[in-house]
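Subject: Structure for your files

Hello,

Here is the structure we talked about handing over.

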Amino acid sequence: MSSKKFITLGAFVSVAAAQSAVWGQCGGIGWTGATTCVAGTTCTYFNDYYSQCIPSTTSAPTSPTTTATTTSSAPIATSTVGLHTLAKSKGKLYFGSATDNPELSDTAYVSILSDNTIFGQITPGNSMKWDATEPSRGTFTFTNGDVIANLAAKNGQLLRGHNCVWHNQLPSWVSSGNFDAPTLTSIVQTHCSTVVGHYKGQVYSWDVVNEPFNDDGTYRTDVFYNTLGTAYIATALQAARAADPDAKLYINDYNIEGPGAKSTAMQTLIKSLKDQGVPIDGVGIQAHLIVGALPGNIQQNIEAFAALGVEVAITELDIRMTLPVTDALLAQQKKDYQTVISACQNVAACVGITIWDYTDKYSWVPSTFSGQGAACPWDANLLKKPAYDGIVAGFGA
């Protein structure tokens, strides 16, 4: 997802232009778009799956494009209350943001991220994934993950681990290893136990299994399911529990914000795991949504998950729009953020909300969804948009 995380929300959009725009994708495994950048930007490697056109100078916050964010004349938020402080006062554990290592050189960005009245929780977008932590079999590296873990600890913020097992951003030794079932089971156990164990005592919750379902509710066919069936899910959860008995263990997915086949499949899985005695503590609802097109009955759906005896979290919230930004779209985005926050606020088991980075400057959306963007509550100049006021209203303030 941009520098945050790739999510299979349908086919990724190829870039037809000869050069990628500022902040656009310019390389990575599977990328079929432009591999050169417009003048004034450099194609910067983030990981094997993602390179991005970064401005040659990043000394001050700048807008990714003239259409990807609000302009100086656009409405800005009026609320001054800290979102985490507000969430806590309303009975939630946290309000948080994702982040990623390349952004941490932006001091203005880090200053806001580190304000624990605004953000009481951080999720690392990429640095705890499989390709980042075990690039070759049995060789683990935690350098970048530790940077974000240490930042959260310094700021007194909760840390969410993301993630143990996912079909994407896998090193080729896993995805193309042609392992038999016993060997792959051992690999999953070793990876989950080592990564979760490294952060034992530092992480509030882990997205142990990420995106196991297709949108129609069938299981996603990947190296894990193709070799192990659904057994890989229990294997990963059991390894994580053994490695850190105090961490909350989640399954995380997108397009489960409202009722439907995928939400039903997730509920069935949670019931099955609990019936088998497999440890499962929570469901992560990603919530990558579209302005003016929210699913209905979000609160009802959260309640249905909560009724299974697990906690629920909104884990990757952003609400994108078709560019250019208009006052009308910003007003609708404000309402949509309020709707999502209110749905969580109204269910006690919905413990917290994380936005998938707080600023349009570092949003994954424009490079993944052609012509869309401005999905975050802060614009690319680090100014709070009306969406911020929508979040405040959603908490009932």
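The notes below cover the overall build, the cores and some backbone details.

This is a predicted model, in which local features need pLDDT of at least 70, side-chain atom pairs count only at pLDDT 80 or more, and totals for chains, interfaces and linings use all residues. Residues are numbered from 1 along each chain as its sequence is written, and side-chain values use heavy atoms, with hydrogens and water left out.

The chain has 13 helices and 13 strands (DSSP runs numbered from the N terminus: H or I of at least four residues for helices, E of at least two for strands). Of its 397 residues, 58% count as buried (under 20% relative accessible area; exposed is over 50%, partly exposed in between; 1.4 Å probe, protein chains only).

The largest nonpolar core holds 98 residues; such a core is a set of buried Ala, Val, Leu, Ile, Met, Phe, Trp, Tyr and Cys residues joined through side-chain atoms within 4.5 Å. Helix 8 (residues 231–243) gives the most to this core, eight residues. A second, separate core has six residues, among them Trp356 and Trp364.

Two peptide bonds to check are cis: His162 to Asn163, with omega near -5°, and Leu323 to Pro324, with omega about 5°. Asn163 is in strand 6 (residues 158–166), while Pro324 is in the loop between strand 11 (311–322) and helix 11 (327–345).

Phi is positive at Asn255, near 55°, and at Ala374, near 50°. Asn255 is partly exposed, at 36% relative accessibility, whereas Ala374 is buried, at 2%.

Regards
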